[in-house]
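Morning, everyone. I have one structure to walk through today. Please bring it up on your screens.

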Amino acid sequence: MGTTTISATDGVPQTGHTGRRRRTDVAAARLSGLLLACALLVLVAVLSVAVGAKAIPPGEVLRALVHGRDSVDDSVVLDLRLPRTLLGVVVGAALGLAGVLMQALTRNPLADPGILGVNMGASAAVVVAIALWRSTDPSFCVWFAFAGAGLAAAAVQLLGSRGRSGPGPVRLALAGTAVSAVLSALISVVTLLRPDVFDQFRFWGVGSLAGQPMSVVTEVLPFLGAGALLALGLSGSLNALALGDETARALGTGVRRTRVLGMLAVTLLCGAATAAVGPITFVGLAVPHLARALTGPGHRWLLPYSMVFGATLLLGSDILGRVVAPPGEIQAGIVTAFAGAPVFIALVRRRRIAEL
Amino acid sequence: MNAPTTLSPLSAPETALRGRVLRLYGGRVSLRWRPRTVLVCLALTAGCLVVGALGLTTGAYRVPLPAVLACLTGHGTGADSFIVTSLRLPRLVCALLAGGALGMSGAVFQSMSRNPLGSPDIVGFTSGAASGAVVEIVLFHGGPYATAAGSLAGGLVTALAVGLLAAGRGAAVGYRVVLVGIGVSAMLTSLTAYLLTRASLYEAQDAQIWLIGSLNSASWAVVTPLAAALAVLVPATVLAARALDWLELGEDTARGLGVPVGRARLVLAVCATGLAAVTTAAVGPITFVALAAPHLCRPLVRSSGALLVPAGVMGALLLAASDFAAQRVLPGTELPVGALTGVLGGLYLCRLLVARRRAARA
């Protein structure tokens, strides 16, 4: 792990032609792997538009995308399945990315973005919104959830940051646990006193891609885009951070700056994702491990791979949830855990997981 | 699910065997004890008595203390006697027993995993118990006993499954247990959430209250089996916990000192999981008592050992006091005690972090 990371960060010159050729070979393999994963994602996205309670032939799908609404089929494609698919792609990618960041920043293979209190913050805000305004309109709840996620993350940051070195991994986890516990108890009090709120919240709290209009996608997209750019820009610093704070500092990395920017990116990515689809934790936890098994620990490839894998996992789970129990649906948040956990456990048993 | 994610050793193991030794039967039975620990335990017990007296005397119907004492000794009058011995006393006893068991279980898990956030969650126990209970409530419409049995079965089967899945050779078994526990917990948590969306509103709320943890339905029928189970488990845990002081020095050191590490860990895990299991079956998964009780004891006792007994008494005091407050904080509503322990425990942890930050700056 050490050697690959160092050569990726500071570009230690490789000696002779063989070294350089091996590096370009590896890069070519990674690139073709990434392209393959992207192709798979496109395939899943096409399936996502075509598959559902009402099967629509591909020609019809294409016609609807190009010519607009003429029939019922067209409006199913444009108003229901297209936003759902786009949402799955952007949210899945964001969650995968946020998971990598979180694990790198805390140097803890078990960290998921929920540790920052983002999920609980968003949930508590949505409960308040439902309780006070009786509204579950998605484009109204999104802003509440986003504000709640941001506030909770800020509180965790504040509690977890110490002295000059910035937020340490253990303190961050403790602060996240504390804030999450308080918020979750508040949620349970409100839902106990108000059965009507509980009735709506239990569906939001599962995490689902269904029923969101296109406006939600456009509302969260700027935040997700900003977070993704920030995260991808940090990949070099994250590699250095993996070597430990002291080594990273010796290599010239601003450790505190990296942590603060990274946390900002996680808050943007995960806050917007949770606001859009509800709390889905498993993608952020498991996808980085799956991607790391293919790419190794270097973040330059790990970040894009995790984006593509996250999107594929979430969208694939959504499709599976649509077809597995007709005529009903199972929410994507549930299917991700059920499909993903066995893979995760199998990986743990093969001991590849410990290599962070 | 977030709780047990940090693997960081507790503060430096300065357990060093201190204190006085009490020898009985010509040295065949000996007991190490520290005056400070005994004093702390006595003070905490006194706290329990005060909370108990308050709980038994006050409420919607006031019973003066002498009348309560008369009821307890069997000389009470009609209404007084019914309210004290059939309504308030079982609830109080249940809180003390459950809190004590949770505190001890938390102390064992934190010490054994050398993780300040250790709890029965790390073997997937809590999520398994929750799934078992919710399956029972939602799918089979079971009553309180069936729910308790469901949670017990769910929790134990899950813990066993995690243990088996994580078993294997090599040094990193403890680490693998945590990882497998997280994977299994994720599956079970989403199963619970799914069942809640499929249930009718009434059943879902029933399940939700169970999931928060509540003493509202505590009666002698709940207390008796709990007390019987604890009568076996508590002595077993105390005996097994003698190995904890050495395990805290690290597995290799403990092995070098002649402790059968694998067997000691297994026995301890079974005992502590059992304590959590019977408590959860009786009152639901009450958060934070198991986590907070050992942390609250440590500065009082000023020792970094396992603190099994003080943590147990502290847990009993915490839960009894929380339940006393939960019944009175919102007039007209009996808040489940789990909601209150969550808020209080979370705020306490926040305070702890702020205090440490100040200390680090100074």
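Predicted model: local features only at pLDDT ≥ 70, side-chain atom pairs only at ≥ 80, totals over all residues.

Residues are numbered from 1 along each chain as its sequence is written, and chains are lettered from A and ligands numbered from 1 in the order in which they are written.

Let me start with one residue, B:A339. What does B:A339 touch, leaving aside its neighbours within four places in sequence? B:A339 is in contact with A:A185, A:S188, A:V189 and B:I212. B:A339 lies in helix 14 of chain B, residues 337-361. When I say helix, I mean a DSSP run of H or I with at least four residues; a strand is a run of E with at least two; both are numbered from the N terminus.

Buried or exposed? B:A339 counts as buried, because it has 28 C-beta neighbours inside 10 Å. The cut-offs: buried needs 20 or more other C-beta atoms within 10 Å of the residue's own, exposed means 12 or fewer, and partly exposed is in between, with C-beta atoms placed from the backbone. Look also at B:I209. B:A339 and B:I209 are 130 residues apart in sequence, but their C-alpha atoms are 9.6 Å apart in space.

Now the interface. 48 residues of chain A are in contact with 45 residues of chain B. Which elements of chain A give two or more residues to that side? They are helix 7 (169-193), helix 8 (195-204) and helix 15 (332-349). Helix 7 of chain A gives the most, with 20 residues. By class, the chain A side has 32 nonpolar, eleven polar and five charged residues. For the classes, Ala, Val, Leu, Ile, Met, Phe, Trp, Tyr, Cys and Pro count as nonpolar, Asp, Glu, Lys and Arg as charged, and the others, Gly among them, as polar.

Next, the chains one by one. Chain A has 15 helices and zero strands. Of its 356 residues, 55% count as buried. Take contacts in chain A between residues at least 6 apart in sequence: 77% of them join residues at least 24 apart. Chain B has 14 helices and two strands. Of the 362 residues of chain B, 54% count as buried. For chain B, 74% of the contacts with a separation of 6 or more come from residues 24 or more positions apart.

On to annotation. An unreviewed UniProt entry lists "transmembrane region" for several spans of chain A, including 220-243 and 330-348. Residues 220-243 of chain A are 88% helix and 0% strand, with end C-alpha atoms 34 Å apart. Residues 330-348 of chain A are 89% helix and 0% strand, with the ends 27 Å apart, C-alpha to C-alpha. In chain B, the UniProt annotation, again from an unreviewed entry, includes 147-167 and 337-354. Residues 147-167 of chain B are 95% helix, and the end C-alpha atoms are 30 Å apart. Residues 337-354 of chain B are 100% helix, and there the end C-alpha atoms lie 26 Å apart.

Last topic: helix packing. In chain B, helix 4 (residues 125-139) and helix 7 (residues 201-212) pack at about 155°, with axes 10 Å apart. Axes are lines fitted to C-alpha atoms, for helices over the stretch in contact, and angles run from 0 to 180 degrees between N-to-C directions. That angle makes helix 4 of chain B roughly antiparallel to helix 7 of chain B. Under 35 degrees counts as roughly parallel, over 145 as roughly antiparallel, 65 to 115 as roughly perpendicular, and the rest as oblique. Among the residues that meet are B:A130 and B:V134 in helix 4 of chain B, and B:A207 and B:W210 in helix 7 of chain B. The classes in this contact are eight nonpolar, no polar and two charged residues.

Compare a pair in chain A. The axes of helix 4 (residues 72-106) and helix 9 (residues 214-233) of chain A come within 10 Å and cross at roughly 25°. Helix 4 and helix 9 of chain A are therefore roughly parallel to each other. Their contact divides into 14 nonpolar, one polar and no charged residues.

Definitions and conventions:
Contact = placed C-beta atoms within 7 Å. UniProt positions renumbered as here; feature names shortened; annotations may be inferred.
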